2 protein chains.
Amino acid sequence: MKKEEAKRIFRQYIKKQGLRNTRQREEILDVFLSSGGHITVDELFDKVKKRDSSIGYATIHRNLNLLLEAGLAEEIKIGKEKTRYEQMHMREHHDHLICLECGRFIEVVDENIEKLQNRLAEEKEFTPVRHKLEIYGYCKKCR
Amino acid sequence: MKKEEAKRIFRQYIKKQGLRNTRQREEILDVFLSSGGHITVDELFDKVKKRDSSIGYATIHRNLNLLLEAGLAEEIKIGKEKTRYEQMHMREHHDHLICLECGRFIEVVDENIEKLQNRLAEEKEFTPVRHKLEIYGYCKKCR
DNA sequence: GGTGTGTTGAAATTAATTATCAATATCTTA
DNA sequence: TAAGATATTGATAATTAATTTCAACACACC
């Protein structure tokens with residue numbers, strides 16, 4: 001299961017940095033990996049609090065930052081909406097079509113675009129690690 | 001000159017919304033359009049202040065929001081860095097290669113990628129308006 | 001030029017994130 | 001497995017960024 005792999009990566013990162021694993025850290029990690037696609041800090045806080053009501057807000061932030069550093073999460077911020085955190089390892093990579101009218105996300109992948117991106121990077125003597133593509137416009141319903 | 005066109009678009013937008021043009025608004029517009037690629041709120045504030053030292057910070061924010069609404073500016077936020085505002089009309093569209101090590105931006109364009117993006121959107125019955133592509137990795141110097 | 005109302009600057013407020021600190025928990029080593 | 005060094009936690013304070021408030025002002029339409 002992919003979740004276990006993600007957990008292993010996180011625990012490895014923690015250890016490598018000379019940090020320690022804790023009950024709270026594991027709880028947050030598990031909830032994050034069990035959440036859907038894109039979660040806000042508040043949503044994560046609420047979900048974790050249901051399992052462990054003593055957990056603090058600052059701890060959520062601290063550990064989200066670790067997840068970012070470990071490459072397991074990525075911040076996505078769209079317009080004036082709240083920052084969301086997206087899983088990077090659990091889910092397949094995908095790009096976003098974002099409707100300017102209703103705010104709906106459509107997740108897409110196109111192998112050819114991915115290839116061209118890599119080629120483009122290579123031309124500039126750049127080693128690509130990951131990317132983010134957001135196409136803004138109007139969805140089926142709103143156009 | 002492109003700058004004049006951008007100004008016209010902004011003035012039109014202002015009028016259409018039933019808003020008014022002001023000395024400060026024009027000043028901010030001009031400084032924004034004269035700035036390089038990506039400017040932070042503070043940088044813009046400092047530059048405007050040199051021309052008109054009485055201008056307030058809130059006015060910068062208010063008018064940046066108008067520039068966003070009018071489609072002349074776009075927010076770009078990378079990692080933990082300060083939000084930057086990019087010109088949308090003055091400059092040709094381009095994507096970004098962003099170095100994870102030194103933070104350098106490389107601006108790129110690839111016609112083929114642009115075309116594939118439009119085709120992808122069309123397949124999903126989505127009408128694309130604009131897009132943002134950021135490729136993260138390591139630049140020539142850092143890889 | 002007068003007038004209605006949008007805009008401004010300054011300060012207060014809100015929202016989001018980070019820092020502080022004493023108490024506690026973890027991990028290593030002996 | 002007990003001890004000790006130190007990272008982590010929760011609560012709160014502090015910081016940062018962006019927005020709101022409000023009285024004075026200024027723009028645009030007449």
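The second largest pocket has a volume of about 460 Å³, where a pocket is an open set of points on a 1 Å grid over the protein atoms alone that a 1.4 Å probe fits, with protein on both sides within 12 Å along at least five of seven lines, and lining residues have an atom within 4 Å of a point. The volume is the space filled by probe spheres set on the points, which are joined across faces, edges and corners. Of the 23 residues that line this pocket, B:Met88, B:His93, B:Val129, B:Arg130 and B:His131 are the closest to its centre. Strand S3 (84-87), strand S4 (95-99), helix H5 (111-123) and strand S6 (127-138) of chain B each give two or more residues to the lining, and S6(B) gives the most, with six residues; helices (H or I, at least four residues) and strands (E, at least two) are DSSP runs numbered from the N terminus. Domain 1 (2-87) and domain 2 (95-137) of chain B each contribute at least three residues to the lining, with domain bounds taken from an automatic or database domain assignment.

This is a predicted model, in which local features need pLDDT of at least 70 and side-chain atom pairs count only at pLDDT 80 or more, while totals for chains, interfaces and linings use all residues. Residues are numbered from 1 along each chain as its sequence is written, chains are lettered from A and ligands numbered from 1 in the order in which they are written, and side-chain values use heavy atoms, with hydrogens and water left out.

Around DNA strand C there are 25 residues, of which A:Arg20, B:Arg20, B:Arg25, B:Thr59 and B:Arg62 come nearest; a residue is near the strand if one of its heavy atoms lies within 4 Å of it. Sugar and phosphate make up 70% of the atoms of DNA strand C that come within 4 Å of the protein. Five residues, the largest share of this surface, come from H4(A). The table lists polar contacts, meaning pairs of N or O atoms within 3.5 Å.

| Protein atom | Atom of DNA strand C | Distance |
|---|---|---|
| A:Asn65, side-chain N or O | phosphate oxygen | 3.0 Å |
| B:Gln24, polar side-chain atom | sugar or linking oxygen | 3.0 Å |
| B:Gly56, backbone N or O | phosphate oxygen | 3.1 Å |

Chain B can be laid on chain A with an RMSD of 0.1 Å by a turn of 179° and a shift of 0.0 Å along the axis, which is the relation of a two-fold axis; the copies are superposed by least squares on the C-alpha atoms of residues with pLDDT of at least 70 in both. Among the residues of chain B, B:Leu133 comes closest to the rotation axis, at 2.2 Å (C-alpha).

Conventions:
Polar contact = N/O pair within 3.5 Å; in protein donor to acceptor, adjacent residues only side chain to side chain.
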